[in-house]
Amino acid sequence: MSSSTAKEAFWQGFRSGLPFLIVLIPFAMLFGIAATEAGLPLAQTMAMTVLVIAGAAQFAALALMEENAPILIVLLSALAVNLRMAMYSAGLVVHFGALPVWQRAILAYLIVDQAYAASAQRFEQEPGLRIGVKLAFYMGTITPVFLPWYLATWLGAVVGQRIPPEFALDFALPITFIALIAPMLRTPAHVAAAGVSVVLALGLAWLPWNTGLLVAALAAMMAGARVELWQGRARP
Amino acid sequence: MTYSDATIWFIIGALGVGTFLIRFSFLGLIGDRPMPQWVLRHLRYTAVAVIPGLVAPLVLWPGATGGVPEPSRLLAAGAALAVGALTRNTIAAILAGIVTLYLVGWAL
């Protein structure tokens, strides 16, 4: 299949990106609803969704903005959630490092969890693919992700304005967060990190300017890394 | 939310630029150099390190109730966590949380 054309690769990628819609559409709509509930006008909700395209970070920023946290804390916490994308960037450089810088910039803007996962898997299965074919595949996986992301956010924001407060939509945000994290608790290291994060964030809630969260997050990352090391030594 | 309009636009812009720089980091600036193992090991846990700490106070002390713990929200959070951990399915977990929130809220 290493002879496959760019066009074929695009549609292969497109098909492997399609299943993500099932998660992505409701998630983006929830962001639109939650942002509207928090008081953001449509233009700001859409600007955030288009510029950031990273649901968890958008929700994180929104949660802290609702608490009127200091700007620096909002930015640091939300960007920390996105740090994992540096790993994806490092993973993609192996395949796309030879592209001109403007193409790499567009590619970077379009890095999301799902497209990275699908592409990394495919490129590993077929190591001999030409760079043009890889690019077409990547653009294929991202196409059914980013456009529906914008549209569903817009729909959520428009619909969200008409939902009365009895529906407790303020709680859509915490539920979405828990639903995002719970499936990631698959190793002792992830559980340890989450546990340390919760305990310290609650215990340090008295610290000014939400700095307790930053301390909790740093300690939790170290806890996760430490438990991973212990586990690695337990079964080499 | 009591930020000025300009502040909110600043936050949105800075988040957009910051997120882009994280995504562009290796592709654009750092290039094909291997990252030290210890850095990768910490990066793996960023999401599980930040989000649980962010969400725990929202569950225990919800703003909508003036910071007082409230049974339907606690149970909804528990349901989302349990279903998410067992099924590994985000949408199932969201549904479990919302259904629990409404059922318990309605029953009380």
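Author: Welcome! Running from the N terminus, the elements of chain A go α-α-α-α-α-α-α-α-α-α-α-α, in a predicted model where local features need pLDDT of at least 70, side-chain atom pairs count only at pLDDT 80 or more, and totals for chains, interfaces and linings use all residues. Residues are numbered from 1 along each chain as its sequence is written, while chains are lettered from A and ligands numbered from 1 in the order in which they are written.

Reader: How many helices and strands does chain A have?

Author: Chain A has 12 helices and 0 strands (DSSP runs numbered from the N terminus: helices are H or I, at least four residues; strands are E, at least two). The C-alpha atoms of chain A fill a box of roughly 60 × 50 × 30 Å along the principal axes.

Reader: What should I know about confidence in chain B?

Author: pLDDT is the predictor's confidence in each residue, from 0 to 100. Chain B averages 89, and 95% of its residues score at least 70. Within chain B, helix H2 (residues 37-43) is lowest, at a mean of 82, and helix H4 (residues 71-87) highest, at 95. The model as a whole scores ipTM 0.84 and pTM 0.77.

Reader: How do I describe H6(A) against H1(B)?

Author: Two packed helices are described by the angle between their axes and the distance between the axes. Here the axes of helix H6 (residues 84-96) of chain A and helix H1 (residues 5-30) of chain B come within 7 Å and cross at roughly 30 degrees (axes are lines fitted to C-alpha atoms, for helices over the stretch in contact; angles run from 0 to 180 degrees between N-to-C directions). H6(A) and H1(B) are therefore roughly parallel (under 35 degrees; over 145 is roughly antiparallel, 65 to 115 roughly perpendicular, the rest oblique). Residues making this contact include Met85(A), Ser89(A) and Phe96(A) of H6(A), with Ile22(B), Phe24(B) and Leu27(B) among those of H1(B) (contact: C-beta atoms, placed from the backbone, within 7 Å).

Reader: Is Ile53(A), with its positive phi, buried or exposed?

Author: Ile53(A) is not a glycine, yet its phi is about 30 degrees. It sits in the loop between helix H3 (42-52) and helix H4 (55-66) of chain A. Ile53(A) is buried, with 24 other C-beta atoms within 10 Å (buried: 20 or more other C-beta atoms within 10 Å; exposed: 12 or fewer; partly exposed in between; C-beta atoms are placed from the backbone).

Reader: And where is Arg88(B) found?

Author: Arg88(B) lies in the loop between H4 and helix H5 (90-107) of chain B. Its phi is positive too, near 60 degrees, but Arg88(B) counts as partly exposed, with 14 C-beta neighbours inside 10 Å.

Key
Two residues are in contact if their C-beta atoms, placed from the backbone, lie within 7 Å.
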